[in-house]
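Reader: I have just opened this one and I am new to it. Could you walk me through what is here, a piece at a time?

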Amino acid sequence: MDRLGDLEIFARVASTGSMSQAARELGLSPPVISKRIKRLEERLGTRLLQRTTRQIVLTDSGRGFQERVVAILGSVDEAEAWVSQRAHVARGPLRISAPSTFGRLHVAPHLVRFLEKYPEISVDLSLSDSFVDVVGDGFDVALRIADLGDTSLVARKLAPNHRLLCASPAYLARNGTPQVLSDLAGHKLLVHNTDHWRLEGPEGPVTVPVPSIVVTNSSEVIREAVLAGLGIALRSTWDVGPELKSGQLVQILPRYRGGQRVAIHAIYPSRRHLPQRTRVFIDFLAELYGPVPSWDQGLDLSPP
């Protein structure tokens, strides 16, 4: 009887809240998943999952069981990672989470070279602008663009993140160029997932209210809006560096920038028994980006 396999199936159903989703991720059919869960519950003599017409939720016993199962499976993964690390061979599936636009622009184009260098690794790249639970969602590494502050996870800075206020020449020709920070109140501003900008300027940190004329949860929508001349946006150079260099966008109020503690990091659960596949991927990105990433080269980013 494949008891460990039953535990993995239960953990996947519990994390996804769906037998169909768990079946797709594990390459099994939903009836097989249902049968294995039923067999597990019969062996334990208790109900682990409460099924309704709309969702699957854990019972009290199921929640306690999930915590222990995750620990068991984590120990198994750690044991395998330890063996892999001792063999000095980077192999196996690598689960990566990255912000949508950054992952599309600065991770996906380089996967070919990475996988050519490490042919025994396979990549599962998940792109999302939400902060994932690295441990709970089973990721080996997550790229995060943030001021991390205190975190129980291990973080390695991969590159700086310069954020500049910018607009298109067409917008500035129609509406004028702001000369001081207070001028922003008379302009059309573009932002997603927040109602303010935290900037650093000559007077130190400052918060600017931003009543955005476009409401969206997509950073890429804001990028397209500023390029189309709809308003002023605070954008990272990794996102609009080429447009700033070509003149499609113009930096405004250069003495004000996004907070300098925000950077591009790789975060992962622990240094202990770090899988070789995770280690080589982080090293690959750190070398690829370098202290002055390609998107910053050619831009004047000296302190204002």
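Reader: Let me start with helix H9, then: which of its residues are buried?
Author: This is a predicted model, and in it the buried residues of H9 are Thr 237, Trp 238, Asp 239, Val 240, Gly 241, Glu 243 and Leu 244. The helix covers residues 237–246, and with 7 of its 10 residues buried it is mostly covered.

Reader: And what happens just after H9?
Author: Just after that helix comes Gly 247, which takes a positive phi of about 95°.

Reader: Where does Leu 253 lie, and what is its phi?
Author: Leu 253 sits in the loop that runs between strand S12 (250–251) and strand S13 (257–258). Its phi is near 45°, which is a positive value in a residue other than glycine.

Reader: Is Leu 253 buried or exposed?
Author: Leu 253 counts as buried, because its relative accessibility is 7% and the cut-off for buried is under 20%.

Reader: Changing topic, how much space lies in the largest pocket?
Author: The largest pocket holds about 1,600 Å³ of space. The elements that each give two or more residues to its lining are helix H1 (3–16), helix H2 (19–26), helix H4 (60–86), strand S3 (92–98) and helix H10 (276–289).

Reader: Which of those gives the most to the lining?
Author: That is H4, which gives 10 residues to the lining of the largest pocket.

Reader: Which residues lie nearest the centre of that pocket?
Author: Of the 41 residues that line the largest pocket, Leu 73, Asp 77, Gly 138, Phe 139 and Asp 140 lie nearest its centre.

Reader: Stepping back to the whole chain, how many helices and strands does it have?
Author: The chain has 10 helices and 14 strands, and its C-alpha atoms fill a box of roughly 70 × 45 × 30 Å along the principal axes. Of the 304 residues in the chain, 44% are buried.

Reader: What share of the contacts joins residues at least 24 apart?
Author: If you take the contacts between residues at least 6 apart in sequence, 73% of them join residues at least 24 apart.

Reader: Last one: what about the surface and the charges?
Author: The chain exposes about 16,200 Å², and carbon and sulfur atoms supply 51% of that area. As for charges, there are 36 positive and 32 negative side chains, and the centres of these two sets lie 3 Å apart.

Conventions:
Residues numbered from 1 in each chain as written. Predicted model: local features only at pLDDT ≥ 70, side-chain atom pairs only at ≥ 80, totals over all residues. Heavy atoms only, no water. Helix = DSSP H or I, 4+ residues; strand = E, 2+ residues; numbered from the N terminus. Buried < 20%, exposed > 50% of the residue type's maximum accessible area, 1.4 Å probe, protein only. Contact = heavy atoms within 4.5 Å. Areas by Shrake-Rupley, 256 points an atom, 1.4 Å probe, with all protein chains shown as cover. Lys, Arg positive; Asp, Glu negative; His and termini not counted. Charge placed at Lys NZ, Arg CZ, Asp CG, Glu CD. 1 Å grid on protein atoms, 1.4 Å probe; cavity = no way out; pocket = protein on both sides within 12 Å on 5 of 7 lines; lining within 4 Å. Points joined across faces, edges and corners; volume = space filled by probe spheres on them.
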